[in-house]
Amino acid sequence: MSDCPVPPRHVYLVDGSGFIFRAFHALPPLNRADGTPVNAVLGFSNMLLKLIGETDADHIAVIFDASRLTFRNRLYDQYKAHRPEAPPELIPQFRLVREATEAFNIAQVEMVDYEADDLIATYARLACAAGATVTIVSSDKDLMQLVGNGVTMFDPLKQRMIGPDEVREKFGVGPEQVVDVQALCGDSVDNVPGVPGIGVKTAAELINTYGTLEALLERAPEIKQPKRRQSLIDFAEQARISKTLVQLKNDVEVPVPLADLCLRPNDPGKLIGFLQAQGFRQLVTRVQSRNPGAVAASAAVPVAPMALSSDSAVPPSSVEKRYELVQTEADLDRWIARAYVEGTVAFDTETTALDAVLAEMVGISLAVAPGEACYIPLGHVGEAAGELNLSGAERPLQLSFEVALARLKPLLEDPAVLKVAHNGKYDIQIFRSHGIEVAPVDCTMLLANTLEAGAHGMGMDELALIYFDYETIKYKDVAGSGKSHKGFAAVALDAARDYAAEDADITLRLHRLLKPRVLRERMATVYETIERPLMGVVAGMERHGIKVDRTELMRLSADFGERMAEYEKQIHELAGGAFNIGSPKQLGEVLFDKLGLPGGKKGKNGAYGTDAAILEELAASHELPRRMLDWRQLAKLKSTYADSLIEQINPKTGRVHTSFSLAGAATGRLASTDPNLQNIPVRTEEGRKIRRAFVSEPGNVLLSADYSQIELRLAAHVADIPALKDAFRDGQDIHAMTASQVFGVPVEGMDPMVRRRAKAINFGIIYGISGFGLAQQLSISPGEASEFIKAYFLRFPEIRHYMDQTKAFCREHGYVTTLFGRKCHLPGIKDSNPARRAFSERAAINAPLQGAAADIIKRAMIRLPDRLEAEGLSARMLLQVHDELVFEVPEAEAARTIPVLKEVMEGACAPVVELSLPLVVEVGQATSWDAAH
């Protein structure tokens, strides 16, 4: 570069590496005509054009990371060791972003062995020494240590300046003390260890009290809290290492002098040529409006269309449908080529079963544009395969299965082509069983669920009706149902084509409608960092399955049956004669007519009610209803679990493969079906016996990693209850502490019944429990229960404020949100029926907590497979049951695996949410699930 004509007055330092990722996740997938992804390039180019047009800076540079490994990795080999690789669709954009910087004629700097942050720190020092002011264009918290003395930050996405006040709001200390705070609390994203048990808030309090990290460590024995004191003493050297890692170097011998960062006018022709090659039509127009008469440096470069834009979806009724049956390799190659040109292809698989582990593939459908879709039959049998032959007898009716998959594999695995599916987890599994890793994948079911969870169902047929007012062809219309069900392999090819191609077509149209909405409605973080990456992880869990001891289940079934027969005999004796105890009608007649027990009420069908609540009330005064409750418990365990699980052992694998619904609950919780492993009773000895039948393979153990009281911890954080937060931080018995605070009794020597009452209130409150509900749980009067709740609110008024505020927000908006931005819709909050309205109000209180807990464990699930692999561990994640994850681990690796599980799960909030109290994960190991839990 030539010498700059002016000395630096205002220097702009752009965090290029950080912004690439921000732009990538902020914009929907976009592809050039040749299939190259360019969404990050578009976001980056928009930012540069805006910066140049609005800044008064006379010097500007974009600073990049040259590589992942730097001098910090020599100081601490685990630094950033667990950061995931860049998404495949982002990798080709790194080069293009550098080309964009060059096209804008802006200086760019990167240097091997140093991070971009170190170069920014050095240039900031040099600029200030030269008398200039500095603006760092970034939102990276690690750069906040540089703020002050002429240096500010600017977040281009949030369009806000970051000065000392904003730094103090973020860290609780001024910029000059940020490094000390970071050294204490660490950083799970960069794998900076810090001091265990100390978060940002505690670290800020300590540094504000003691001044510096060194002063704190020297005076650590003075700390009053025992756990905190010991942690600071034990991990002092770790804190010093952490400080070295987070402190930015500002004395790097930069490869480009400060003077050469001078802002120079761009070459409009060169810039337009670059933008045209990417297909950025609007940017080309904006550049041309600023430079009338400017043309591209290469007139031969056309403006390539984008493969995906944020245009509204096209309703099925507005475009002629052209659905094709693909029966030759040439036709298949033509559709594959078209998919590459479009850059986005919707797909669906037709199979023989809903169970992805057992299912065989029958055919595949593709859609490349609204109304343009095809069906590739692969496994149709009998007369069905011969009912449609479009080009005469010489043309094969179906492609070879192996040939078709071999041709489709490169397309389905190409990172430059976005694949779209509805319930993509299922299709990922189907292709995975044939050695094809489909990626990247968008799922329209998860897109819809991200936007409107709880508002309606997420099935494709329902979404087509809601969004397009369009009735799809139903599966039963082509394959039959009930006794007339023939399976899709027996469906005639013309009917199969119309049904399957429509599925892919509707999926593509839904994607064009929903993906831009996710961006506009600021739900991209939930979708891109939680919902989307979870698909492949859960697909792997379902495929692994869990081993079940068939012999133990058969023994349990026999035992339950024998004891049920004994209970039945006792019930008949108590009733004074035989009757069908499985008949609620006959049982009601015995209880209320024959035995004359009080409280009998007949329903509309003329029969007495005999549900569990009624039997529990009667059991206090008569033996028969007590025995009936025992009989019913065993009957459910025998039929629903012992007998059913035997039937659900997969003959191929010898394991049970549950299916996890990713869009089954408004709060984001996963739901388990076929079999439902989340509803196995665990509070009774009989229920726990079922879990004993879930075992590890020989030489392995099961690890159960469970978040301890996570929803109660989240309530303490969200409602900002100092007493509860302090108790959790200090590792106190939270229920005993609550009992002491609410009932005014000392913790020492506390009556267990008093603690039980506090526990019932603690957990009941976060579910919006009423006095009547608490009274039933504790077997006390509703009046007494209401007094307990009243006393609880008097001691913890913050929880009452949270409940009132949350219900008011939900009534106004129709939904509540979690800490991570997930929306949980509760349409019943405005219902005219008081009972339904009250139910929704209780759900509104709990949904932000249950939803946040669901988000946290999902984030952990996403991170764990890569982290375990990076550590050389072969643990497999098998089950997720609410706040618990179950793994199968070689026994020899268990001891090394446990701390990894704890670290990842306990740090799953970072960097999106900083909790004001720690998460705690308890891990147990054994050869059976029950013993490990």
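Buried means under 20% relative accessible area, exposed means over 50%, and partly exposed is in between (1.4 Å probe, protein chains only). The model here is predicted, so local features need pLDDT of at least 70 and side-chain atom pairs count only at pLDDT 80 or more, while totals for chains, interfaces and linings use all residues. Residues are numbered from 1 along each chain as its sequence is written, and side-chain values use heavy atoms, leaving out hydrogens and water.

**Exercise 1.** Work out whether cysteine 374 and cysteine 443 are buried or exposed, then look for disulfides.

*Solution.* Start with cysteine 374: its relative accessibility is 0%, so it counts as buried. Cysteine 443 is also at 0%, so it counts as buried too. Now for disulfides (pairs of cysteine sulfur atoms within 2.5 Å): the structure holds 0. Cysteine 443 is in none, and its nearest cysteine sulfur, that of cysteine 824, is 18 Å away.

**Exercise 2.** Find where aspartate 190 lies and what it is in contact with.

*Solution.* First, the place: aspartate 190 lies in the loop between helix H7 (178-185) and helix H8 (200-210). Helices here are DSSP runs of H or I with at least four residues, numbered from the N terminus. Next, check accessibility: with a relative accessible area of 4%, aspartate 190 is buried. Last, list its contacts (heavy atoms within 4.5 Å). Leaving aside neighbours within four places in sequence, aspartate 190 touches Gln78, Tyr79, Lys80, Arg83 and Asp142.

Conventions: Helix = DSSP H or I, 4+ residues; strand = E, 2+ residues; numbered from the N terminus.
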